[in-house]
Amino acid sequence: MPELLTLENVWAGYGDAVVLEDISLTLGEGDSLSLLGRNGMGKTTLLSTLMGAARHRSGAMRLAGRDLARVPAHARAHLGLGWVPQERDIFPSLTVEENLTVVATRGPWSLQRVYGMFPRLNERRGNMGNQLSGGEQQMLAMGRALMLNPKILLLDEPMEGLAPLIVQELMTIIQRLTEDSGMAIILVEQHARQILPLTRQALVLERGKAVYRGDSETLLDDRALLDGWLGVVAH
């Protein structure tokens, strides 16, 4: 598949603090990646570096052949990065439909297509953002990112703190996105066995360094690797 995102020997962090060390990865068009590791190992920092919210110190970052490090943070969404942060960051005083349409750009993801992927949002389209449950807010955050028609969807622990039934619903949606949408997806999670079946590639971070980069299936089948790097969160 054609190359979409490339990181080569990337170092990044916040202020003078280095969090990521010598990170490299390649993601093709329509590809999918599980980004794994315990808390505090640099997963969110990697997404923040892509979005320009963390300090990129050195190394190459290219998106569709363009030098991402030279693109201002405010312009990266329009370049093709759709970020769903852990905090969701929906607009609480706007309706569901307003949350979706305020960021809309031209492309295959229309309002009706998002409603088709998230029927709950269609049912609640007139409700304010602060009237939604946690699971519905997560769906709204994902739907809003899709309305940007991104080349890559960045999902930062989308199942965190949600009820098991909602988690299962979101996993089904993410599987549909990885299989049918044509977008590339980077999925951050702690619970490896939940998300590895949803992606083609996996990257495991340990203290800001990559300790595994390869096929998701290979990692999923190697219990010793999972237990060694991820411990209890692998189960």
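Colleague: How many residues of domain 1 are in contact with residues of domain 2?
Modeller: In this predicted model, 16 residues of domain 1 are in contact with 15 residues of domain 2, contact meaning heavy atoms within 4.5 Å.

Colleague: Where do the domain bounds fall?
Modeller: Domain 1 covers 3–80 + 153–230, and domain 2 covers 96–149. These bounds come from an automatic or database domain assignment. The centres of domain 1 and domain 2, taken over C-alpha atoms, are separated by 23 Å.

Colleague: Which conventions apply to the numbering and the values?
Modeller: Residues are numbered from 1 along each chain as its sequence is written, and side-chain values use heavy atoms, without hydrogens and water. As the model is predicted, local features need pLDDT of at least 70 and side-chain atom pairs count only at pLDDT 80 or more, whereas totals for chains, interfaces and linings use all residues.

Colleague: What share of the contacts joins residues at least 24 apart?
Modeller: Among contacts between residues at least 6 apart in sequence, the share is 70%.

Colleague: Turning to secondary structure, how many helices and strands are there?
Modeller: The protein has 10 helices and 10 strands. They are DSSP runs numbered from the N terminus: helices are H or I of at least four residues, and strands are E of at least two.

Colleague: Is helix α1 mostly covered or mostly open?
Modeller: Helix α1, residues 43–51, is mostly covered, with eight of its nine residues buried. Among them are K43, L46, L50 and M51. Just after α1, G52 takes a positive phi of about 85°.

Colleague: Which residues other than glycine have a positive phi?
Modeller: D22 and R88 are examples, with positive phi of about 60° for D22 and about 75° for R88. Most residues other than glycine have a negative phi. D22 is found in strand β2, residues 17–28, and is partly exposed because its relative accessibility is 40%. R88 is in the loop between β6 (81–84) and α3; R88 is buried, as its relative accessible area is 15%.

Colleague: What does E97 contact, beyond its neighbours within four places in sequence?
Modeller: E97 is in contact with L111, Y115 and R125. E97 lies in helix α3, residues 96–101, and counts as partly exposed because its relative accessibility is 27%. From C-alpha to C-alpha, E97 and P197 are 32 Å apart in space and 100 residues apart in sequence.

Colleague: Last topic: which charges lie over the face of a ring?
Modeller: R113 lies over the face of W109, 3.8 Å from the ring centre, and R144 lies over the face of F91, at 5.1 Å. The rule requires NZ of Lys or CZ of Arg within 6 Å of the ring centre and within 35 degrees of the ring normal.

Key: Buried means under 20% relative accessible area, exposed over 50%, partly exposed in between (1.4 Å probe, protein chains only).
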